[in-house]
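Visitor: Please take me through one part of this model at close range. I would like the geometry, with the cut-offs spelled out.

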Amino acid sequence: MTDPTMTGGCLCGTTRFHLTAKPESYGACHCRMCRKFSGGIELGVQVPPGDLVWDKDETVSVYKSSDWAERGFCKICGSSLFWRLTAEGPMHGMLSLSAGALDSLDGLEMTTEVYIEQKPAGHAFAGEHQRMTEKELLASMGLDDGGDAS
C-alpha cells in the first residue's frame, strides 16, 4: 500500500521517489564514510529491495564506496540519496534511504545508532534505542569486519 506521505527526492527536484510500504523508524550512522557523504550524521530509513520506486531517476548517479556497498546521489545538486548493500547474502540490495531525502519524517521514530565507536564526542541522541558497534552491525549483515565502513 503506497502512503502518499512517503515521498521524497533531491534538493533540485530532478529526482523523485515514493515508498511502497511506510517505514516506522530511522537510524543514525556515525561511520567516517557516512559523515563524509552526508556532511554530518547520516540518518537513514531501511528500505527492503523493491520498496523504493523511482518516479524520476534520470539524475541518480551511483558511487561504489567499498567492496560491498554503493551510494547514490543526484548528479545535478549533489543530494545524498541512499546507501545500498551490494554484497551477496540475506540482506543483498537492502537500502538505507537518506532520511533527509524524504518529504516528511512525521510518524517515524529514531530507533538505532550504528558505528557508535566512531561517534564524535559532541554528538549525543537522547532516549533509549539500540546502539551497535561496527563489528556488531557487520555481523548482523553477515559480513566479516575486514575493511573500513562502507
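Guide: Glutamate 128 sits in the loop between strand E10 (109–114) and strand E11 (130–132). Strands (E, at least two residues) and helices (H or I, at least four) are DSSP runs, numbered from the N terminus. This is a predicted model: local features need pLDDT of at least 70, side-chain atom pairs count only at pLDDT 80 or more, and totals for chains, interfaces and linings use all residues. Residues are numbered from 1 along each chain as its sequence is written, and side-chain values use heavy atoms, with hydrogens and water left out.

Glutamate 128 counts as exposed because its relative accessibility is 78%. The cut-offs are under 20% relative accessible area for buried, over 50% for exposed, and partly exposed in between (1.4 Å probe, protein chains only). The C-alpha atoms of glutamate 128 and methionine 110 are 9.6 Å apart. Along the chain, 18 residues separate the two.

Now histidine 30. Its place is the loop between strand E3 (25–29) and helix H1 (32–38). Histidine 30 counts as buried, because its relative accessibility is 0%. Its side chain makes a polar contact of 2.6 Å with the side chain of glutamate 113. A polar contact is a pair of N or O atoms within 3.5 Å; within protein, one must be able to donate a hydrogen and the other to accept it, and residues adjacent in sequence count only if both atoms are side-chain atoms. Beyond four places in sequence, histidine 30 is in contact (heavy atoms within 4.5 Å) with residues including Arg35, Ile41, Tyr115, His123 and Phe125.
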